[in-house]
Amino acid sequence: MKKLLMVVTFILMASCAKEEFATPKNSNGFSTPQTETGAGTVGTSFTYVQPPVDLLFVWDNTSSSTFINNNTKAALNNVVNNISERFDYHVMLAPLVSSGGVNAGTYFFSKDGTSPGGGVQNISKHQASTVIGQFPPAGGTGEAGLQRINDLIKNNQSNGVFRDEAYTLIILMSNEDSSNWNTTGYSLPGNHPVAEEYMKGKVHDLLCMRGNYDGSFHSGAKNPTYNASCSGVGSYRLNSTMMRLISITAAAEPGSSSCPQVGDGEKNWIYRKASQSVLSTAYTNLTGGYPFIPASVTNGDQVDICNTSFRSLFSSVNSAIDDAIIAHKYNFIKIADPNKLVDPDTIVLTKSGVNIPEYTGSGSGFTYRGVMTNKDTRYEPTTGEPQTGHMIQLHGNARLTYPESIQYYYEAPKKFYGYVHLDAKPQLGSISLKINGSTISESSSNGWKLMMNGSEPQYFSNFNIRVVSESDTTPAYPSVIKSGYFLKLYGSAVYSDGANVEVNFYPTGE
C-alpha cells in the first residue's frame with residue numbers, strides 16, 4: 001500500500017504544469033498623467049482698478065451766489081458719490097477769485113488721506129457741498145479764470161494734490177466770462193481775435209503742464225509762459241493720462257430772459273472755447289502722440305449754467321469720469337505664467353462666444369508671442385498695465401475694449417516616453433507588453449527591446465524615461481527618473497500623456 005501511494009503521488013506531480021511551481025509573474029500597470037492644460041478669462045474690468053482721478057472745482061465767488069444753492073449742492077454730492085468708491089480720487093475746491101495767495105480759501109479731500117498743507121484746508125468728502133457756499137465773496141475784481149486754473153495746477157503738484165499720470169478733470173463754474181484778456185477797453189463780440197490770442201496762451205500753458213502735447217496752441221498765442229516746445233515747464237509737467245476742462249457757464253446772451261443772472265461777455269465765449277480746445281487733445285498716447293475724443297462727448301465739455309433744474313449740471317463731469325475706464329483698450333493678453341509650458345498649436349481664444357483665428361497678416365486675429373517680460377497690455381488711451389508671462393498679441397477686432405473679455409484655452413506640449421520601467425530583473429522570453437490595450441511585439445521597428453548588458457538585463461539606478469518625440473528619442477526635460485530595468489521603445493510604440501501601459505514578466509528572483 002505504501003508503494004502504491006508513492007506511485008500515485010508521483011503521477012499527480014508529473015501531471016501538473018511546470019509554471020505552477022515557478023515564481024509568479026510580475027504585472028506592472030500604470031498610466032501617464034494627462035496633458036497639462038490652462039483655461040481662463042482675461043477681462044478688462046479688473047485690470048485697472050481705481051485709477052487716479054484728480055478733480056479741481058473752481059467756483060465763481062463774484063456775483064454768482066444765486067447759482068450756489070441746494071440744487072447745486074445736491075448736484076455736487078452726486079459727483080462726489082460717483083467717484084468715491086470707484087476711483088483713487090483727489091478733489092480740490094477753490095474760489096474763482098482769490099483774496100490772498102493762490103491757495104487762499106481752498107479745500108481738499110482724498111481717498112488716500114493726503115494732507116497737502118500750503119494753505120489748503122483738509123475736509124471730509126461729506127463737507128464738500130457745504131464749503132462751496134463759504135468761499136469769501138469777491139467784489140469788482142476782474143475775473144481771470146484761465147489764469148486761476150493754471151496757477152492752482154502749477155502750485156499744487158509738489159504737495160500731492162495733482163499727481164503724475166492721473167486723469168486730471170477741471171470744472172469751472174462762472175456766470176461771467178474771463179476779463180483778463182481785455183487791457184485796452186475792447187469788448188466782445190468785436191474782438192474775438194484778441195480774446196482768442198489770450199485764450200490760446202492760457203490753454204498752451206495748461207497743456208504744457210498736462211504733458212504729451214505738441215505745442216499747437218502756441219502759434220498766435222498772447223504772452224504764453226512756456227515756449228512752443230514747453231521746455232521750460234520742467235517739474236510742473238503732469239503727464240496726465242487725460243485732461244478735461246469742463247466749463248459750467250452760460251450759453252444764453254447776457255441779460256436774456258432765459259438767464260438774467262449772467263453778467264458781461266458773449267455767451268462766456270472764452271471759457272467755452274477753452275473747454276473745446278483742451279478737449280481736442282484730451283487723450284494723448286504717451287508714445288505715439290495721437291488725439292482721442294471719447295464717443296460719449298457730444299457737447300464739447302460745455303454745460304449751460306442756465307439749466308435751472310440742475311439735474312444734468314454735472315453730467316459731463318460724470319461722463320468724463322466714466323471715460324477714465326471705458327477708454328481703456330488692450331492689444332496684448334497674458335495666458336500663462338512664465339514657468340508654464342504652452343503648445344502654441346493648441347491655443348484657442350474666444351470673444352463673445354466666437355473663435356478668434358490666428359492672425360495671417362491682415363484683418364483680425366491673434367499671434368502667440370511667447371514669454372515676454374513687463375510687456376504693456378494696454379495701448380489706449382496710453383500704454384500701460386504690464387504683464388510678464390506667455391503673451392498673445394491681438395489684432396483688429398480681436399482687441400479688447402472695456403468691458404469685453406476673452407476666454408482662452410491651451411495645452412502644454414505633450415510629454416513622450418521612450419522606455420517602460422520594470423521593477424525587477426525579468427526572465428528572458430517572459431515579457432509581454434500592452435499600451436492602450438494593444439499588444440506591442442518585441443521588435444526594433446515599432447516595438448520594444450530589453451536593455452541588456454551583454455547577455456543579462458541591465459540595471460539602471462537613475463534613468464530618464466522621457467524622450468523628445470516618437471522620431472527623436474534623445475532625453476527630454478524635465479526628467480522623469482526611474483530605477484530598475486527598462487524596455488526601450490521604437491517608432492509608434494513610444495507613448496505619451498494619458499497612456500495606459502501594462503507589462504507582465506517572470507522575475508528571476510535575483
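What share of the contacts in the chain with a separation of 6 or more comes from residues 24 or more positions apart? The share is 75%, where contact means heavy atoms within 4.5 Å. This is a predicted model, in which local features need pLDDT of at least 70 and side-chain atom pairs count only at pLDDT 80 or more, while totals for chains, interfaces and linings use all residues. Residues are numbered from 1 along each chain as its sequence is written, and side-chain values use heavy atoms, with hydrogens and water left out.

The chain holds seven helices and 31 strands. Both are DSSP runs numbered from the N terminus: helices are H or I with at least four residues, strands are E with at least two. The chain has 510 residues, and 48% of them count as buried. Buried means under 20% relative accessible area, exposed over 50%, and partly exposed in between, with a 1.4 Å probe and protein chains only.

The largest nonpolar core has 39 residues. Such a core is a set of buried Ala, Val, Leu, Ile, Met, Phe, Trp, Tyr and Cys residues joined through side-chain atoms within 4.5 Å. L56, I149 and I153 have the most contacts inside this core. At least two of its residues come from each of β3 (52–59), β4 (88–95), α4 (145–155), β7 (167–173), α5 (192–210), β8 (242–249) and α6 (269–279). Helix α5 gives the largest share, eight residues. I153 touches L56, F162, T168, I170, L206, M209 and L238, leaving aside residues up to four places away in sequence. Another core lies apart, with 28 residues; Y419, M451, Y485 and F505 are among them.

Helix α6 deserves a look of its own. Nine of its 11 residues are buried, so α6 is largely enclosed by the rest of the structure. The buried residues are W269, I270, Y271, R272, A274, S275, S277, V278 and L279.

Next, the sulfur link. A search of the whole structure finds one disulfide, defined as a pair of cysteine sulfur atoms within 2.5 Å. C208 and C230 form it, with sulfur atoms 1.9 Å apart. The torsion about their S-S bond is about -65°, so the disulfide is left-handed. C208 sits in helix α5 and C230 in the loop between α5 and β8, so the pair ties together parts 22 residues apart in sequence. C208 is buried at 1% relative accessibility. C230 is buried too, at 4%.

Last come the rings. Rings of Phe, Tyr and Trp (its six-membered ring) pair if their centres lie within 6.5 Å; planes under 30 degrees apart count as stacked, over 60 as edge-to-face and the rest as tilted. By this rule there are 10 aromatic pairs. In one, F463 and F486 have ring centres 4.7 Å apart and planes at 35°, so the pair is tilted. F463 lies in strand β27 (residues 460–464) and F486 in strand β29 (residues 481–489), so they tie together parts 23 residues apart in sequence. F463 is buried at 13% relative accessible area, and F486 is buried at 0%. Ring pairs link Y419, F460, F463 and F486 into a cluster.
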